[in-house]
Structures are given as C-alpha cells and as structure tokens.
Amino acid sequence: MSAETHQDIHRLDLDGREIVLVGTAHISQESADLVRLVIRDEQPDRVCVELDERRYQALSQESRWESLDIKQVIRNKQLSTLLVNLLLGAYQKKLGGQLGVTPGTELLEATKAADEDGIPISLCDRDIRITLRRAWRRIGFFKKFWLMASVMAGIMEDSEISEEQLREIRQKDVLNEMMNELGEAMPALKEVLIDERDAYLAEKIRQADGDRVVAVVGAGHVAGIVDILNRGETTELAPIEEIPPVSPIWKWVGWAIPVLIVGAIVYIGWDQGGAAAGDNIVYWVLANGIPCAIGAAIALAHPLAILAAFVSAPITSLSPLIGAAYVVAFVQAYFRPPLVREFKSVGDDFTRVGRWWGNKLLRILLTFLLSGMGSFLGTLVGGKEILSNLFR
C-alpha cells in the first residue's frame, strides 16, 4: 500500500502550508493501517484527528464508564442524548464487530502513531454532546421517533457486511449519494451532523500549528473540508458550539396545557359544582398515573419507581419544568444503580432486545421511555375528557 498514490489521501496547499487529509472509514482495519503509514512517512509537525476530548477518552480508556454518574445525567435531563448516543454507538459497533474492528480504531491509531514519534496531536471535532443536542433540537417530534426507529432497525438487522462492501461505501460518490438521501429526508439533521462539522473540522485544521499537518477524518467529511479549505473560507466557531434554546412557541405550549386543564377544572367547579370538579380531578389523576405506572411496570422497574410513576405523572403533566419520565428514571437509578460491567456491556446488550431488562442501565432507559409514553398518553386522554366536560 503506497501512501503517495492512495485514493483516500488528499494534499492541499494553504498559503505555503501542506495539509495531508486522510479520509477513513471508522470500522476499517485498512484505514487504521493507512493512517499509521501516512504519519510514519510524512513525519508532520502536527496530527489532527476527528475526535473531541470525550470521544478520545472513550476510545483510549477502557475504564471510562466508571466515571459516568447516571443520576447526574438524569438531573441534567440528558437521558435522551445518552439514548441517541447509545443507538448510534451500538449500530457502529455492530458493523465493527462483524469485521473484527473496534469503531474509531483508525482515529486512536493516529494518536498512538503521533505519540510514538513525539508529534503533537490536535483533537479537532466538536464536542459530541453539543452535536447530538443541536441535532436533537433541530428535528421535529415525529422525526425523532423515525430516526430512532431507523437506527434501531439497523441494529436488529441480521445482514452481514464484508470488507469489500465497506470499501465501496467509502468511495466518494456513494457517500455523497448517502448524504443526499439523508439531506432529503431530514435536511436539519444533515446540516448539524455533516455540514456544520465539515466547517468546524476545516477551521480547526486551518488553525493547527505547523507547516505540515496530517488530518485524519471520516471519508464522509473529506469533500466538504477540501472545498472549504480550497475556497479559503473561514468559520466562526462560537455560533455552532452553542445549543439552540427551545423555541418560545414550545414554552408557551408547555405552560398553556396546564393552565388550560386547571382552568377547565376550576370552571367546571364553578358551573357544575364541587362534586363535578372533584370527579374530573380524580379522572386526571387516574388517566395520568395508571398508564405511566403501567409503562414503568412493563420495564420491570423497582416497585418504588412504579409508585413514583403513578404519583408524579398527574403532577408533572401540569408543569413543563420536569417530566414524569425523569422522576421515575431517577428513582429507578437510585434504587437499582447499574454496575460497571453493565456499562461496559451496554453496546452488546443494546443489540438484543431480551437483554434490555437484564442490563440495569438499559432498564433505566427503558423505564424512562415507557413511563414517558404512558404519561404522554395519559395527558392526551385526561385532557380530552376534562375539556369535553366543559360543555355538559
């Protein structure tokens, strides 16, 4: 294999500086071998890799899960982000497992090769948490479920992929076709995951010290980075490092629902009497509490988590500040915290539905999802009934 003529290597001249851009597949042993060869032959002043600090620590430290505080994740309302991260990670790990390669091996190999030769390293990717949260905020409610269902289907699919098929996927025209399809389905998602990161990576590579820089990035980013660097386009990083706030419309909706429900019950009490208002309050409690508790029970949650589901759902449904699902998940995590070995095996367990109930981390996520769905259903049913009673 010759680094000089390899199709995944692109040489750019930036005002007298040489940028050697290496496009890789994150689950390919061939890519891992290539980056080591390029760094050895080029002996650059600096090596840039498509990693952020969190992903670098995840790849380089096997004990990384020991420092994850699941209760703090719940307090920060980041369970949805963790779930998406696990979904994408499990999908990539499944492909890598079929080829006997750990996902991200070539990126870690680049850092090792640079370290062995005493070459400084720059982690050039945007924080994965920011990327995921920006992506999550940019897509609509129903497309969130479509995305998760699509990735889940890919995880559960039994089809095999060969190194030859992987090599074809890495070809630029196939990648462009895939990105175009993604852009047509969810343009906002492509903008965050691809376009913004192309600009971010390009700017970080431009800012890297040294007259000769080797940059190791996923093949899907190569075309965008090359185009941006060749055009001399600069990017202000601060705006794309921010997590966009929730739309004011959703804030108004979040407060409008409880005001509407409480107002309806007050009006019913004034118009139809205290007994009628009491009946509607009882209906609201049962309509919210029962399906939320059933969801927790299906997840085989701790008995106190199931009780928390029943008690919290009618209350949290009247407040946009916290959802019942977070309350239930926190109680579940408190009484049945996951073990270190369960954090380590979560990628494998995620690909087999039967193990979701056996892995305590996945059971927390399952409790979160099912109790949340129950609470949402209860709010719809209870709200519809109470509003219909206004006109009796």
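**A nonpolar surface patch and a buried arginine**

In this predicted model, Leu-304, Leu-307, Val-311, Ile-315, Tyr-334 and Phe-335 make a nonpolar surface patch of about 600 Å², a patch being built from residues with over 30% relative accessible area and no salt bridge, with nonpolar side chains (Val, Leu, Ile, Met, Phe, Trp, Tyr) joined within 5 Å and like charges within 9 Å. A salt bridge is a side-chain nitrogen of Lys or Arg within 4 Å of a carboxyl oxygen of Asp or Glu, and accessible areas come from the Shrake-Rupley method with a 1.4 Å probe, with only the protein chains shown counting as cover for residues. Two or more residues of the patch are given by each of α14 (303–316) and α15 (324–335), and the largest share, 4 residues, comes from α14. Helices (H or I, at least four residues) and strands (E, at least two) are DSSP runs numbered from the N terminus. Leu-304, which lies in helix α14, is partly exposed at a relative accessible area of 40%, where buried means under 20%, exposed over 50%, and partly exposed in between.

Arg-126, placed in the loop between β4 (121–123) and α6 (128–138), is buried, with a relative accessible area of 1%.

Residues are numbered from 1 along each chain as its sequence is written, and side-chain values use heavy atoms, without hydrogens or water. Local features need pLDDT of at least 70 and side-chain atom pairs count only at pLDDT 80 or more, whereas totals for chains, interfaces and linings use all residues.

How values were computed. Buried means under 20% relative accessible area, exposed over 50%, partly exposed in between (1.4 Å probe, protein chains only).
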